[in-house]
Amino acid sequence: QVQLVESGGGSVQAGGSLRLSCAAFGVTYSSSVMGWFRQAPGKEREGVAAIYTRNGRTYYADSVKGRFTISQDNAKNTLYLQMNSLKPEDTAMYYCAADFRPGGGAWSIPGRYNYWGQGTQVTVSS
């Protein structure tokens, strides 16, 4: 059974940085798409970034381009999200998601992912 465990969240002031990690356990598939999503209270869950682990291609939401970087460490089965120049509007619960099926849809659609972590809170104060 696949288990995703996020870590690295916390409270920072605007302009600060955080690095989120997502450790994947029990992964047996040879390829996948993994993504970061976030959800603020009263808001819909939105895609932040994703990476296709087979070829390393990355995708980002317009709101985080130039500030966030998604990466992977295949040897450790770990996904990262480096967040720089954080803004108060980045405040949300951040979730790691994975889909190990050959298809499923666009990276930014939450419904395509069949595995989710429990989330890690990111709070940015001004």
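Predicted model: local features only at pLDDT ≥ 70, side-chain atom pairs only at ≥ 80, totals over all residues.
Residues are numbered from 1 along each chain as its sequence is written, and side-chain values use heavy atoms, with hydrogens and water left out.

**Overall build**

- The protein chain has 11 strands and 0 helices (DSSP runs numbered from the N terminus: E of at least two residues for strands, H or I of at least four for helices).
- From the N terminus on, the order of elements is β-β-β-β-β-β-β-β-β-β-β.
- The C-alpha trace spans about 40 × 25 × 25 Å along its principal axes.
- The radius of gyration is 14 Å, which agrees with the value near 14 Å for a compact globule of 126 residues (taken over C-alpha atoms; the globule rule is 2.2 Å times the number of residues to the power 0.38).
- Of the 126 residues in the protein chain, 40% are buried.
- Among contacts between residues at least 6 apart in sequence, 56% join residues at least 24 apart (contact means heavy atoms within 4.5 Å).

**Nonpolar cores**

- The largest nonpolar core holds 28 residues (a core is a set of buried Ala, Val, Leu, Ile, Met, Phe, Trp, Tyr and Cys residues joined through side-chain atoms within 4.5 Å).
- Met34, Trp36, Leu81, Met83 and Tyr94 have the most contacts inside this core.
- Two or more residues each come from strand 3 (18-25), strand 4 (33-39), strand 5 (46-52), strand 7 (68-73), strand 8 (78-83), strand 9 (92-99) and strand 11 (120-125).
- Another core, of 6 residues, lies apart from the largest one. Its members include Phe37, Ala50, Ala97 and Trp107.

**Disulfide**

- There is 1 disulfide in the structure (a pair of cysteine sulfur atoms within 2.5 Å).
- Cys22 is joined to Cys96, with an S to S distance of 2.0 Å.
- Distant parts of the chain are linked: Cys22 sits in strand 3 and Cys96 in strand 9, 74 residues apart.
- The S-S torsion is about -75°, so the disulfide is left-handed.
- Both Cys22 and Cys96 are buried.

**Aromatic pairs**

- The structure holds 7 aromatic pairs (rings of Phe, Tyr and Trp, the last by its six-membered ring, with centres within 6.5 Å; planes under 30 degrees apart are stacked, over 60 edge-to-face, the rest tilted).
- Tyr59 and Trp107 make a stacked pair, 6.3 Å centre to centre with 20° between the planes.
- This pair also links distant parts of the chain. Tyr59 is in strand 6 (residues 58-60), and Trp107 is 48 residues away in the loop between strand 9 and strand 10 (115-116).
- Tyr59 is partly exposed, at 27% relative accessibility.
- Tyr113 and Trp116 pair edge-to-face, because their centres are 6.0 Å apart and their planes stand at 70°.
- Tyr113 is buried at 5% relative accessibility, whereas Trp116 is partly exposed at 27%.
- Phe37, Tyr95, Tyr113 and Trp116 form one aromatic cluster.

**Charges over rings**

- Arg45 places its charged end over the ring of Trp116, 4.8 Å from the centre (NZ of Lys or CZ of Arg within 6 Å of the ring centre and within 35 degrees of the ring normal).
- Arg112 lies over the face of Tyr113, 5.7 Å from the ring centre.

Technical notes: Buried < 20%, exposed > 50% of the residue type's maximum accessible area, 1.4 Å probe, protein only.
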